[in-house]
Amino acid sequence: MAAHAVSVDGFITGRDPRPGHGLGDGGMLFDWYFDGDTPSGVFDGFRLSEPSARVFDALAGRVGAIVAGRTTYEDSDRFGGGSPHPKARLVVLTHRPAETSTRQTLVTTGIEDAIAQARDAAGGRDVGLMGGGVVTSALAAGLVDEIVLHQVPVLLGAGRPYFRELPAHVRLRLVEAVPAPGVTHLHYAVER
């Protein structure tokens, strides 16, 4: 499953993302995590609107492991040696060595191997994908079943795009669209 907050013009960061500032000037992409009055049942500290909490917690509750790309990993300060998800193991996909903790797994042999290791770690739960490069590689390899866009009503104008160039069209079927304060949740199934 690929789920990410994204601007209307398709960016998952603003300008100048870097370690310690993973979203660059696009921090408003995550405002909806904290602008509500309903505590998340999965992520401590998240206070979402009721519709966002319902969608977010249902999806996040299914995840057992996360595959993140090297850029996401570094820009997120290596997730403090843990994972972006409180109950999921982190698999980092990279082409060069990286320092990881015992709670993280490094894979340098491609998206297929990274997802296979994440599936083993997930214990029958879903594998979540983080970062535009990882999502695009997994889509190209036919390894994505669902895409969720938490679309924030802003045009960032620049930043890192969620989707990169793909070798072919990818058809999607809308499963659910949920409007909520500050975000619209668009859940798609990938058609084969």
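The legends below describe close-up views of a predicted model.

**View 1. Helix α1 and the strands around it.** Helix α1 covers residues 50-60. Its buried residues are Ser52, Ala53, Val55, Phe56, Asp57, Leu59 and Ala60. These buried residues pack against β2 (38-39), β3 (47-48) and β4 (63-69), and also against β8 (146-152), β9 (172-180) and β10 (183-190). An α-helix has 3.6 residues a turn, so residues three or four places apart point the same way.

**View 2. An aromatic cluster that includes Phe56.** Phe30, Trp32, Tyr33, Phe34, Phe43, Phe46 and Phe56 form one aromatic cluster. Phe56 is also one of the buried residues of helix α1.

**View 3. The ring pair Phe43 and Phe46.** The model has 12 aromatic pairs. In one of them, the ring centres of Phe43 and Phe46 are 4.9 Å apart and the planes meet at 25°; the pair is stacked because this angle is under 30 degrees. Phe43 is buried, with a relative accessibility of 13%, and Phe46 is buried at 14%.

**View 4. The ring pair Tyr162 and Phe163.** The rings of Tyr162 and Phe163 lie 4.4 Å apart, centre to centre, with 45° between the planes, and this pair is tilted. Tyr162 is buried at 1% relative accessibility, whereas Phe163 is partly exposed at 36%.

**View 5. Thr102 in a loop.** Thr102 sits in the loop between β5 (89-93) and β6 (104-107). Its relative accessible area is 75%, so Thr102 counts as exposed, the cut-off being over 50%. Thr102 and Gly81 are 21 residues apart along the chain, and their C-alpha atoms are separated by 8.0 Å.

Note on methods: Residues numbered from 1 in each chain as written. Predicted model: local features only at pLDDT ≥ 70, side-chain atom pairs only at ≥ 80, totals over all residues. Heavy atoms only, no water. Helix = DSSP H or I, 4+ residues; strand = E, 2+ residues; numbered from the N terminus. Buried < 20%, exposed > 50% of the residue type's maximum accessible area, 1.4 Å probe, protein only. Contact = heavy atoms within 4.5 Å. Phe/Tyr/Trp six-rings, centres within 6.5 Å; stacked < 30°, edge-to-face > 60°.
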